[in-house]
Amino acid sequence: MANFSDFNMGIYLTGLSGQKPPFPLTYAGMEELAKSKLDPELYDYVAGGSGDEATQRGNVDAFAGWGVVPRMLSGAAERDLSIELFGRTYATPLMMAPIGVLGVMHESGHGDLEAARAAAATGIPMIGSTLMQDPMETVAAELGSTPGFYQLYTPNDREVAESLVRRAEAAGYAGIVVTLDTWTLGWRPRDLQHATFPQLRGYCLENYFSDPVFRSRLAKTPEEDRDAATFTWALMFGNPGLSWDDLQWLRDLTDLPLILKGICHPDDVRRARDGGVDGIYCSTHGGRQVASAPALGFLPGVVAAAEGMPVVFDSGVRTGVDVVKALALGATAVAVGRPYGWGVAAGGAAGAEHVLRCILAEADLTMGLNGYRTIADITPDMLVRLP
Ligand SMILES: Cc1cc2nc3c(=O)[nH]c(=O)nc-3n(C[C@H](O)[C@H](O)[C@H](O)COP(=O)(O)O)c2cc1C
Ligand SMILES: O=C(O)C(=O)c1ccccc1
């Protein structure tokens, strides 16, 4: 089996004939390229976070608090990065976190399709947001043989929620990720300063506009009156009343694996487990919702309470080394958000694929050079706490 770090050898080899890599190699470089292509308000929407953005910075900085302890002569020249998740084998532990504005981040207006093509090309599963600029069925058709997940924002109209889940099942998604931390919008100074919010202008609402139950709630179709349809969406999106009492209803919605996103407290993990969910998704939403604390700090407690149930982690993952550290702290799979989002903005499917391959190559090399051959070898004692 080829190591994922063959990617960097490929760059040196094509460099012999004068060819440079098509995209920047660093997170900062990709963000800068994406910024040069995006409308400034959209750039700020993606780049920004809630409050003073301390949670967002903390998510990233937390990784610097850990170091990887190298082991020598351990036979890690060939690595196996594969994981088991919800009964399937994935070649790597990397995932693409849901981004509800991907559609308009690419110049084509079909950024969700671009991301899905990157998933198809890499085998890295994409968690498609409820907020898509193309209907989930069209996105699923671009995923190739890579399983996709559908992220549900639970509308306060239960029949619409049920319809979205039925469609995700019919479209072949491999699991439902219910995001709990965004029942209303966080305090986002950048967006407030611009007085813009993409979805309130009707962007990325195609999963609703194409939904028969949502459409049945409208006096005029979205094609006839987009503003009225957007207004109906705005009234339906938030679900402040959703509580643990609704978990049984959520569980009964589907036989697919059910994963709860935004869980950080061990007691919430236990409630979720008692309610029959299949996975926990530990995340601080990339620092876009509450002013909280670095997500990485919550991960060990979440993993302990999960008692072997899979834990997906995101928030602040920027490099392959970060992926390895999150795995060492107990994550089963690790997702990136903004990194591949910038890839979509900078270069569509090719840009996202580039970002994902860079992260994978670095994760693979980190494992190899530090002497860890498989994901099972990545345990907490491979890390050292730094002052
Ligand atoms: C622009 C943007 C839009 C997002 N939209 C969604 C969404 O629709 N649903 C969701 O569950 N999370 C959403 N998230 C949060 C991500 O899924 C993920 O938790 C976060 O981006 C991880 O942090 P990172 O960007 O530091 O990698 C969004 C994040 C960004 C940056
Ligand atoms: O911007 C986000 O992070 C997000 O998840 C969201 C939430 C509500 C509406 C649109 C996007």
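S145 is placed in the loop between α7 (136-140) and β6, where helices (H or I, at least four residues) and strands (E, at least two) are DSSP runs numbered from the N terminus. The structure is a predicted model, in which local features need pLDDT of at least 70 and side-chain atom pairs count only at pLDDT 80 or more, while totals for chains, interfaces and linings use all residues. Residues are numbered from 1 along each chain as its sequence is written, and chains are lettered from A and ligands numbered from 1 in the order in which they are written. S145 is exposed because 7 other C-beta atoms lie within 10 Å; a residue counts as buried with 20 or more other C-beta atoms within 10 Å of its own, as exposed with 12 or fewer and as partly exposed in between, with C-beta atoms placed from the backbone. From S145 to Q248 the separation is 103 residues in sequence and 31 Å in space, C-alpha to C-alpha.

Strand β6 (residues 149-152) is covered on both faces, with F149 and Q151 buried on one side and Y150 and L152 buried on the other. In a regular strand, side chains alternate between the two faces of the sheet. Strand β5 (residues 127-128) runs parallel to β6 and is joined to it by 2 bridges, pairing being assigned if DSSP finds at least two bridges between two strands. Within β6, Y150 is the bridge partner of G128. Strand β7 (residues 176-179) is likewise parallel to β6, with 3 bridges between them, and V178 in β7 is the bridge partner of L152. The chain passes from β6 to β7 through helix α8 (residues 158-171) in a right-handed β-α-β crossover, that is, the path from the first strand over the helix to the second runs clockwise with the strands pointing away from the viewer.

An unreviewed UniProt entry lists Y45, Y153, R188, H285 and R288 under "binding site".

R188 lies in the loop between β7 and α9 (189-194) and is partly exposed, because it has 19 C-beta neighbours inside 10 Å. R288, in the loop between β9 (279-282) and α15 (295-306), is buried, because it has 24 such neighbours inside 10 Å. Leaving aside residues up to four places away in sequence, R188 touches G48, S50 and R288, contact requiring C-beta atoms, placed from the backbone, within 7 Å.

Notes: UniProt positions are given in the numbering used here, feature names are shortened, and annotations may be inferred rather than shown by experiment. Two residues are in contact if their C-beta atoms, placed from the backbone, lie within 7 Å.
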